[in-house]
Amino acid sequence: MAMQTLLVANPKGGSGKTTLATNVAGWLAARKQRVVLADFDPLRSATEWLARRPPLFPAIAGWTPDSGKDELKEHNPHWLVIDTPAGLHGDALRDAMRRADILLVPVSPSAFDTAATQHFLDQIGEYKAIKKGDIAVGLVAMRVDPRTNSAGELEEFLKSFDFPLVAHLRATQVYVHCARDGLTIADLPHSRAEQDLEQWRPLTRWIARHSRGA
Ligand SMILES: Nc1ncnc2c1ncn2[C@@H]1O[C@H](COP(=O)(O)OP(=O)(O)OP(=O)(O)O)[C@@H](O)[C@H]1O
Ligand SMILES: [Mg+2]
């Protein structure tokens, strides 16, 4: 089966790209998929997360653009999950998009995030592959605190795009602790991540629907 590529991108710094990319990779690995987590961010936060990953958890291979294409082929992954840096634009964005079957765009609820996201989504809406529907694009609301007004505003904002809002992930230290420990919510005991696994269900279902027989 040919490799499928899931790209995580939003040029806005701190929008939740690495959190989303690592957790998607962890979910796929838990489903017995061979996964390569490709780190396009020169700050290498995904690579460092992988170095912290305890050996007994479902394996995720790492890759950086300086490792070369052969190394990627040797892993023969079902899935390539790409974490991208803040500020990705122009040719680098176009190049990353060329590889993608699925694009996930994490959005955090602040006015600054939403303006940057608006610009980004307008931009990629012009790509031929997006217009033709060759790339499935899904928005993910990150760090949602249902008690604040900004969560509702974010929702309204995200609904104004042609792309579906596929999940809301709450603001919780669970993600922060996972990041610290090289883990994902798919690795935690259900009792510790019940609510979060529940929030992931529409996202994983959406990914499954847009994937080729994974
Ligand atoms: N749902 C969440 N709940 C709580 N904290 C979160 C959540 N999602 C992300 N964070 C935290 O927010 C911070 C930014 O998230 P993350 O590093 O994933 O963003 P990013 O888009 O990769 O940032 P950068 O643009 O710098 O690469 C991190 O400290 C992360 O642990
Ligand atoms: Mg990051």
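For the class counts below, Ala, Val, Leu, Ile, Met, Phe, Trp, Tyr, Cys and Pro are nonpolar, Asp, Glu, Lys and Arg are charged, and the others, Gly among them, are polar. The model is predicted.

**Exercise 1. The shell around ligand 1**

Task: Find which residues come nearest to ligand 1, and sort its shell by class and by element.

Solution: 
- Step 1. Take the residues with a heavy atom within 4 Å of the ligand. There are 16 residues around ligand 1. Gly16, Lys17, Thr18, Thr19 and Arg170 come nearest.
- Step 2. Sort by class. The shell holds seven polar, five nonpolar and four charged residues.
- Step 3. Helix H1 (17-30), strand S6 (136-144) and helix H8 (173-181) each supply at least two residues. H1 gives the most, with three residues.

**Exercise 2. Backbone contacts and cover**

Task: Which backbone atoms lie 2.8 Å from an atom of ligand 1? How much of the ligand's accessible area does the protein cover?

Solution: 
- Step 1. Look at the oxygen atoms of ligand 1. One is 2.8 Å from a polar backbone atom of Thr18. For Gly14, the distance from a polar backbone atom to a ligand oxygen is 3.0 Å.
- Step 2. Turn to nitrogen. A nitrogen atom of ligand 1 has a backbone N or O atom of Arg170 at 2.8 Å.
- Step 3. On its own, ligand 1 has 630 Å² of accessible area, and the protein covers 76% of it.

**Exercise 3. The largest pocket**

Task: Identify what takes up the largest pocket, then describe its lining.

Solution: 
- Step 1. The largest pocket is the space taken by ligand 1.
- Step 2. Give the volume. The largest pocket has about 460 Å³.
- Step 3. Find the centre. The lining has 28 residues, and Gly14, Gly16, Lys17, Thr18 and Thr19 are the closest to the pocket centre.
- Step 4. List the elements. H1, helix H2 (45-51), S6 and H8 give two or more residues each to this lining. The largest share is that of H1, with five residues.
- Step 5. Split by class. The lining has 12 polar, 11 nonpolar and five charged residues.

**Exercise 4. The second largest pocket**

Task: Which element gives the most to the lining of the second largest pocket?

Solution: 
- Step 1. Give the volume. The second largest pocket has about 250 Å³ of space.
- Step 2. Check the lining. Among its residues are Asn23, Trp27, His190, Glu194, Trp200 and Arg201.
- Step 3. Assign elements. H1 and helix H9 (190-209) each supply at least two residues. H9 gives the most, with seven residues.
- Step 4. Sort by class. Six residues of this lining are nonpolar, three polar and three charged.

Methods. Residues numbered from 1 in each chain as written. Chains lettered and ligands numbered in written order. Predicted model: local features only at pLDDT ≥ 70, side-chain atom pairs only at ≥ 80, totals over all residues. Heavy atoms only, no water. Polar contact = N/O pair within 3.5 Å; in protein donor to acceptor, adjacent residues only side chain to side chain. Areas by Shrake-Rupley, 256 points an atom, 1.4 Å probe, with all protein chains shown as cover. 1 Å grid on protein atoms, 1.4 Å probe; cavity = no way out; pocket = protein on both sides within 12 Å on 5 of 7 lines; lining within 4 Å. Sits in = over half its atoms within 2 Å of the grid points. Helix = DSSP H or I, 4+ residues; strand = E, 2+ residues; numbered from the N terminus. Points joined across faces, edges and corners; volume = space filled by probe spheres on them.
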